[in-house]
Structure formats: C-alpha cells, structure tokens
Amino acid sequence: MQAKTKYKVEICCGTMCYIMGGADLHLLNDYLPAALRQLVSIEGAPCFGNCDTHEKIHPCVRINGVELPNASTRKIVDKLIILENNDLL
Amino acid sequence: MHNRHFYIEAELCQEHKAMQNVCGDACESRKLKEEDRLITVLSDGLGSGVKANILATMTTSMALQFTAKNDPLERTSEFIMKALPVDSKRQISYSTFSILDINCFGDASLVEFDNPPVLIYRRGRFVIPDQSVKTISRSDGMDAKVLYSKVELKKEDRIIMVSDGITQSGMGNIHTPFGWGIDGLKTFIQQNIQSNPNISARQLARKIMQRAKTNDKGSFTDDASCQVIYCREPRKLVLASGPPYYKNCDKELAERIDSFQGKKIICGGTTSKIISRELKRDIAIELNNYKPDLPPVAEMSGIDLITEGILTLGKVSAILENISNNTVKGTGPAEQMVRMFLDSDSILILAGTQINNAHQDPNLPVELEIRRNVIKKIASILEEKFFKTIEIEYL
Ligand code: FES
C-alpha cells in the first residue's frame, strides 16, 4: 500500500459522512474497473471538518487532495475515469 | 474513604458433585460501594443436591445480610445455626460457613465454621492470623466452635476459600488416601503463584478446580467451590471522548492521555484529531473491514484503540447491556472496546462537553443521542453490573 499510486482516494470516516452514505464507499475497491485498480490507493481519513456547514455535502471524499462532495461509488469511479482519460489525451 | 492502595479481584469457580444437578455449596460476594467494602461468604450445605443447596444458600444470604449490617459476628453465627431447618433423616441442621469481610482500609475479618481453613497467601508463604475460638451452643445440644480472626491485607496478598470437596478430592487414591488435603492444596498454590506471579484470581481458582477434579478422576465426588481473592495493583484505563468545551483545554487533555499509566482509548474523530495535533502524531485509518457496521478504527502510536464516537459508543452500551458473562465475541471496534473495559478495574472517562453541531441537524436520517447520555449509561452499567471503579470528568 505504501508504493506511490497515481490516484489517492481518501474517504472521510467521520460520523456524519458515515451515516450519510460513507459506509458504502468503503467497498469502493470492488467497483473499480480492472484498469484503474492498480493506479488507485484508498485510505480512510478522520473528519474533513465539513460538518458544520449547513449544506448537504456529505459524504466527502478527496481525490488527490481535491474534495468531491456528495460522493457515491458511481461518482468516484466516474471521476477517476475522467481524470485518467484526460491524462491519456 | 478510599484508603486502600490496591484493587480486590474476587472470582469464584464452582462445580457440583457428579450425578447431581445443583451444587450443594453456595458462595456469594457483595460489594458495598458506599463503604468500599467487600463481603464474601462460602457455605457448604449438609449432603448434596437441592436440599444442601437450600441450606447453603440460606446460610450465605443470612451471613451476607447480617455482616453488611454490622451485626456482631457471634449473633450472626448463632442466628444462622438456629434458623436452619432440621434435616429429617439426620435430625440435625447443619451447614458450614466462612465469612470474609474486607473494609476500605484493607482490614479483613474472618469467621470460620467447619470449612477447610481459609488460606492467606503472602509472598511465598501462608499467613496464620491469631485466632480466637467462640463456642456457640446449638439447638441440638452440640456445641459449635466458631473461629474468628483479623488480618491486615497487603498488596499482592491472595485469599483462597474452598469447600471440602476440594481438600477431600482424590480420597482413596494410592498417593492421597486421605484426599488432597490442605497441605497438598497449599503446595499447589505456592507452585502456581511462583511460576506465574501475576496469575489472576480467576485463573488460580480455575487451576485449583481442575486439579481437584483430576484428583477425583474427572468427576467430583462432592460439591466443590473455590473462591480466590487477589489484592493487586488496579489495571487502569482511560477513555477520552468528545472535544473539551474550551479550546485551551485541548493541550491538557492530550497531555493527560499521553502521561496516563494504563490502557488508552480515544473515541471520536474530532477528539482523536485534537490529540493527534497536540501530540504531533499521525492518525492512520485502515480500510480493510469489508462488512462495516461501524466506522473503522484508526491508529496512532501510544494509543491502544481509536474509534469513531457516538455510533460506536451506542453499540458498546448495547453490548454491555446484553452480555451476561465476561466474554465478548467479535472483533469490531465496539467489541474491542468492551473487551478492554472488562479487562480493567478502574476506568477514567474524560468526557468533552462540546456539542457537535452537525449531530443536532434535524435532517439527519438517524437520531444521534447526546454523547454525554451514552457515556453516563455505559459508566453505570460498568459500575453496577461489572463492579468497575468509574470516574467521569467533564472537560
Ligand atoms: S464527517 Fe466527513 S466531513 Fe465531517
């Protein structure tokens, strides 16, 4: 896990994100397309500190440091595919 | 009130005579919290089976009540002997008893009647306290000799109370024609403590029991009970949950946890972040639990367990409420925490009182109880059901 991967996905493991759907994100690895799996590392992170905002942004995820609000497995995978495609262009 | 420098661990191991369904021995302990006092009574009823069990249970509960109310010991013993029903076959009313009463200073008083002697182990040998004998006349005309003694307990002392099922085990064998005997038991205890100086009360009680059973070739010929009391250094644990109300207490919280002697749990994302910031240590979260029913545990050097806050606490409280003995299965964050609680004697809870605004959002799909309430509930279960010493400090 320590080897540097191209994409680092950090999943917020705080209470709010967890109950707002973050629990499902822990299974992200199962949904990654095979081509991406080698390039992505998945980590847990303590609360991002977005909890006090009164907008609906949970669950939160960071991809290479950029936050992705209202994350879902679908959204993360799509985002990763876009990033990867742009890179290949 | 709390003048004692050790914690008292009391564990009982009991088995009934082969072919009987109930044990004719009774042993009961009671902690009087306000007085910081522990009373243990062991009684062996005449015969075996239900009848013996009733005699023994009556004896223990009377002895406990009277002792707790500080009735003079003579009165207690006399009353017990007079109150027991008379056995129709043998025309006597009879059950043995040993009463041990330890006060908040660690002074123990012992009352013994017809049980194998209570053993007090101290640093390799057995202490023999000064005994005084009182004769009590019984309704059947026979005199009963009751022994009284007092001991000042020291840290690392062990007290072993057994019924004669233990000392008489193995009777009739070639090597032990008269049974294992009190001397055999003493040697066994010495050997075991010498080879494992930190042996817990429960382990020692179980070992004695197993050995006695082996003496009896695997099935007891009499009811057997073994109560072990161990005065030892308390196993301490600290649980920090919730951010302090005032920001300037963050540092203090972190330092107290860091310098605490014992096991350490941090419960709550924000709390662990505060401590990580103050102690300048990283938090790592492993995401390898694939059926997560709770957010995963995190790791930080120097801390034994880091979990999420309110959801985990809720589950911990539910587990504690439902378990009936000291064993928990499962490896989830809540189970790990429960196990650590059960393995400790005194638990300090540092409860931060800052309310998490996010949790008070009415749009949340689940209702989150206020952390303080859950903590209070956990504390009271640990105290009342598991006899732990609990201290809660609000920050
Ligand atoms: S719990 Fe995820 S941002 Fe706070």
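Trainee: Which residues is B:Tyr7 in contact with, leaving aside its neighbours within four places in sequence?
Mentor: Remember that this is a predicted model. B:Tyr7 lies in strand E1, residues 7-15 of chain B. Beyond its sequence neighbours within four places, its contacts are B:Lys31, B:Tyr230, B:Cys231, B:Arg232, B:Pro234, B:Asp345, B:Phe387 and B:Thr389.

Trainee: Is B:Tyr7 buried or exposed?
Mentor: The cut-off for buried is under 20% relative accessible area. B:Tyr7 has 12%, so the label is buried.

Trainee: What distance separates the C-alpha atoms of B:Tyr7 and B:Gly106?
Mentor: Along the chain, B:Tyr7 and B:Gly106 are 99 residues apart.

Trainee: What is the order of the open sheet of 5 strands in chain B?
Mentor: The pairing in this sheet is antiparallel. E1 and strand E7 (125-126) of chain B are its edge strands, and each pairs on one side only. The order is E1-E11-E10-E6-E7.

Trainee: In E11(B), which residue is the bridge partner of B:Glu9?
Mentor: E1(B) and strand E11, residues 224-232 of chain B, run antiparallel and pair over 9 bridges. In E11(B), B:Glu9 is partnered by B:Tyr230.

Trainee: At about what angle does helix H5 of chain B run to E1(B)?
Mentor: Helix H5 covers residues 201-215 of chain B. The helix lies across E1, E10 and E11 of chain B. To E1(B), helix H5 runs at about 25 degrees.

Trainee: Which strands are the edge strands of the open sheet of 6 strands in chain B?
Mentor: The order of this antiparallel sheet is E2-E3-E4-E5-E9-E8. An edge strand pairs on one side only, and here that applies to E2 and strand E8 (131-137) of chain B.

Trainee: In E4(B), which residue is the bridge partner of B:Asp44?
Mentor: E3(B) and E4(B) run antiparallel, joined by 8 bridges. Across in E4(B), the partner of B:Asp44 is B:Thr96.

Trainee: How far does helix H1 of chain B reach from its first C-alpha to its last?
Mentor: Helix H1 spans residues 49-68 of chain B, 20 residues in total. At 1.5 Å a residue, 28 Å is expected. The value in the model is close to that expected span, at 28 Å.

Trainee: Which elements do the buried residues of H1(B) pack against?
Mentor: The buried residues of H1(B) include B:Leu55, B:Met62 and B:Leu64. H1(B) lies across E2, E3 and E4 of chain B, at about 155 degrees to E3(B). Its buried residues pack against strand E2 (25-32), strand E3 (37-45), helix H2 (73-83) and strand E4 (95-102) of chain B.

Trainee: Is B:Met300 buried or exposed?
Mentor: B:Met300 lies in the loop between strand E15 (298-299) and strand E16 (305-307) of chain B. Among the residues B:Met300 touches are B:Ile266, B:Ile283 and B:Ile306. The relative accessibility of B:Met300 is 5%, which means buried.

Methods: Residues are numbered from 1 along each chain as its sequence is written. Chains are lettered from A and ligands numbered from 1 in the order in which they are written. This is a predicted model: local features need pLDDT of at least 70, side-chain atom pairs count only at pLDDT 80 or more; totals for chains, interfaces and linings use all residues. Side-chain values use heavy atoms; hydrogens and water are left out. Helices (H or I, at least four residues) and strands (E, at least two) are DSSP runs, numbered from the N terminus. Buried means under 20% relative accessible area, exposed over 50%, partly exposed in between (1.4 Å probe, protein chains only). Contact means heavy atoms within 4.5 Å. The expected span of a helix is 1.5 Å times one less than its number of residues. Two strands pair if DSSP finds at least two bridges between them. Axes are lines fitted to C-alpha atoms, for helices over the stretch in contact, and angles run from 0 to 180 degrees between N-to-C directions.
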